[in-house]
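Here are my notes on the two-chain model you sent.

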Amino acid sequence: MSAPQSQPETASVSSSPDTLLSVTGLTKHFPVNRGIIFRRRVGLVRSVDDVSFDVARGETLGVVGESGCGKTTTARMLVRLIEPTDGQILFDGRDITHLRAGAMRPLRREVQMIFQDPYSSLNPRHTVGAIVGAPWRLQKVKTEKGTKRSVQDLLELVGLNPEHYNRYPHEFSGGQRQRIGIARTLALRPKLIVADEPVSALDVSIQAQVINLLADLQSELGLTYVIIAHDLSVIRHVANRVAVMYLGNLVELADRTELYERPRHPYTVALLSAVPSPEPVRRTADGRGGRRDRIRLVGDVPSPLNPPPACRFHTRCWKAQDVCRTVPPPLAELAPGHMVACHFPENTPASN
Amino acid sequence: MAAGDGTGEYGTTGEPAAGGDGAQTGDAARTGDTTQAGDSESGRRGGWRPGRGRATRADRTQADLESMSPPDPRYMLEVRDLRVHFPTDDGLVKAVDGISFRLERGRTLGIVGESGSGKSVTSLAIMGMHHGGSAKLGGQIYLDGEELVGADPARVRRLRGSKMAMIFQDPLSALHPYYTVGHQIAEAYLVHNKVSKKAAKAHAVEMLDRVGIPNPQARVDDYPHQFSGGMRQRTMIAMALSCDPELLIADEPTTALDVTVQAQILDLISSLQQEFGSAVIMITHDLGVVAELADDILVMYAGRTTEYGTSEDIFDRPAHPYAWGLLSSMPRLDRARIKRLVPIPGTPPSLINVPSGCPFHPRCAYAARTNGKSESEVPPLRSVGLGHEAACHLSADEQREIWAELVKTRLSPAVRSREDA
């Protein structure tokens, strides 16, 4: 049970001291097996393919993409809930890519996760006190003021009533449950929090409460976030830098302002223009609504079981040419800090 | 306006359920004997049958009887003082409590609200799908002049699918996994039209083509699991439109979809509306989606209407603090980024214990300005502008002042989006 102290000190690759998390070539392929006696592999779901990024201390990296783009798989690999097929994850200068469960355990204090669904991520048979205090129990950490007092402090920190210590999750609303989940992740004072769709299950008015809470906690406790979401407006609000994923690939990575004001990858451009804005559309006299001119992507995201060759976006891209079907575009830095994987990027001086 | 009066009358006692309902048999406060009352009612109709969701004449309140003016022929759908209550062991759940709206042909009404505000219950009531359940219905629903709340379930069944149709939120659970999509689309067409199975299948192929499914000849024999999420939602739309309905209700049609697919589906719904000239009700929690499609908007909170007006009214000059709260709590892409969102404090109320007076008052920042009125009196839906109504105790002048000086300034200025440049 107790973690073996002989931690395999794999080559602590040096990276910038400001970098808390560094991911290189992260890949996850899920095999598809057939047959009962003779299991044979008939396919490979390429959920995440060669994804690389850095997260600096105290910053928030937002990851956006449509369903099936591999953003959740990436998040789970970061906290080592899923074993990566290939690539390297450096946390605080240490290689944690293939640490065994025992060696990983001390690290769990520093990396925590907020889950999407506040209804299924809390054990309905445990009280709030037991849920929020579980990390201390599992890590055998003695808190200064005793578990109960410390849990109550945490509840207060996330804006819940400390007297609700003995209540069960079903007695709380969705927003309050998400706060319980957040209190639990904070118990061990982690350095990095990976949040997978932390607000998408909540109502609009509650979403803003949780977004503000996450921001307050970050400035108070100096947290670093990796926030995964499909809602581009939420990501723009919370993130400093944004990574856009499509079908397992990282297609664009840039500073928030850069990305939202000058998106370079056609997919990002299409994604941004597809978001309906809460501004009434003035109808024209002929009855045909004055619907905004926007880029309409045709079709659906292809299956990751058999992704299109080279640039995976070429089947839906309006700029696709032969080169897109044959040569995978490298992730190149087109402007300082603005990485794009595209042969024909938008918003470049040459293209305009 | 008759319907507005109904709401006011119903609410003025402050204890909405108990007020002025002398004529009701099985409704409201007397939860204890509801079941019994329901049973004796069905007994009168000749034996037990699953028709409890249906309001009988006796279920009508005085206000209902007074407001029984003939429906306006201009409207495809007219809902007056609709109430849907569910008796439960814990008390009476007033899921919908006196809402009224009107919808013309070719126009779109957006119904906006948070979870539990009664949006979906309203749509199910229009479709007559509370029949056989425990729901108690009150008020009137006129579909093209025909009253539905007290109508014979068999009659409503004939209308459902042909004259009115619905697109459900989650296409994976709304489609039957055992039957091909073609079979499911043809089913409604066969029921409502005297055609051969072959003709119905041909019609299914045509519908699939209409909603933009590639290679419909082959895909018509596929099962739902062979379709992607967007294609399933297109199939749902094909199913709903197979009998050219005059009223189409879309209940969160894009919530389960990705943004790029959502844009395709919204385009599809609006172009099909142009083509068929149907009236559309769009139920959603996403203000972006309603702004995109709706001509008129009804904002619901705790089973009641807080505000009703045109799309411009709600977005450009909202009058109710709830709408202000929604607008200032959402991050927006079309505006400059603001440092901090202003959320609505607290959580939506339980529908068993709706706060006294204005149901929104515990979360309202301006409740103090009403001198305690918001805690004791249910605000009636009042006109605050031409065709714009709000249920708020603040005077229209106060509302305009607060919106212009306190709320609007908090919202960030609009920036022209990149693509327009």
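1. Domain contact. Five residues of domain 1 of chain A are in contact with nine residues of domain 2 of chain A. Contact here means that the C-beta atoms, placed from the backbone, lie within 7 Å. On the domain 1 side, the touching residues split into four nonpolar, no polar and one charged. The classes are: Ala, Val, Leu, Ile, Met, Phe, Trp, Tyr, Cys and Pro nonpolar; Asp, Glu, Lys and Arg charged; the others, Gly among them, polar.

2. Basis. This is a predicted model, in which local features need pLDDT of at least 70, side-chain atom pairs count only at pLDDT 80 or more, and totals for chains, interfaces and linings use all residues. Residues are numbered from 1 along each chain as its sequence is written, while chains are lettered from A and ligands numbered from 1 in the order in which they are written.

3. Domain layout. Domain 1 of chain A takes in 10–34 + 41–110 + 191–200 + 213–352, and domain 2 covers 125–189. These bounds come from an automatic or database domain assignment. The C-alpha centres of the two domains lie 31 Å apart.

4. Open sheet in chain A. Four strands are ordered β2-β1-β4-β5, with antiparallel pairing. Strands (E, at least two residues) and helices (H or I, at least four) are DSSP runs, numbered from the N terminus. Two strands pair if DSSP finds at least two bridges between them. β2 (40–56) and β5 (94–95) of chain A are the edges; each has a single partner strand, so one side of each lacks a neighbour in the sheet. Inside the sheet, β1 (19–34) and β4 (86–91) of chain A are joined by five bridges. Val23(A) has Ile89(A) as its bridge partner in β4(A).

5. Strand β3(A). Is this strand buried or exposed? Five of the five residues of β3 (60–64) of chain A are buried, so the strand is largely enclosed by the rest of the structure. Buried means 20 or more other C-beta atoms within 10 Å of the residue's own; 12 or fewer is exposed, and in between is partly exposed, with C-beta atoms placed from the backbone. Thr60(A), Gly62(A) and Val64(A) point one way, Leu61(A) and Val63(A) the other.

6. Partners of β3(A). β3(A) runs parallel to β8 (224–229) of chain A, over five bridges. With β9 (241–246) of chain A, β3(A) also pairs in the parallel sense, over four bridges. Val63(A) stands opposite Ile228(A) in β8(A) and opposite Ala243(A) in β9(A).

7. Helix α3(A). In α3 (128–139) of chain A, Val128(A), Ile131(A), Val132(A) and Gly133(A) are buried. Their cover includes α4 (147–157) and α5 (174–186) of chain A. Just after the helix, Lys140(A) has a positive phi of about 55°.

8. Chain contact. 41 residues of chain B are in contact with 38 residues of chain A. On the chain B side, α11, α12, α13 (311–316) and α14 (321–329) each supply at least two residues. α11(B) gives the largest share, 10 residues. The chain B side divides into 16 nonpolar, 14 polar and 11 charged.

9. Helix α11(B). The helix (259–276) has 18 residues and reaches 25 Å from first to last C-alpha, close to the 26 Å expected at 1.5 Å a residue. That expected span is 1.5 Å times one less than the number of residues. Its buried residues include Val259(B), Leu266(B) and Ile269(B). Among the elements covering the buried residues are α9 (266–274) of chain A and α10 (229–241) of chain B.

Notes. Contact = placed C-beta atoms within 7 Å.
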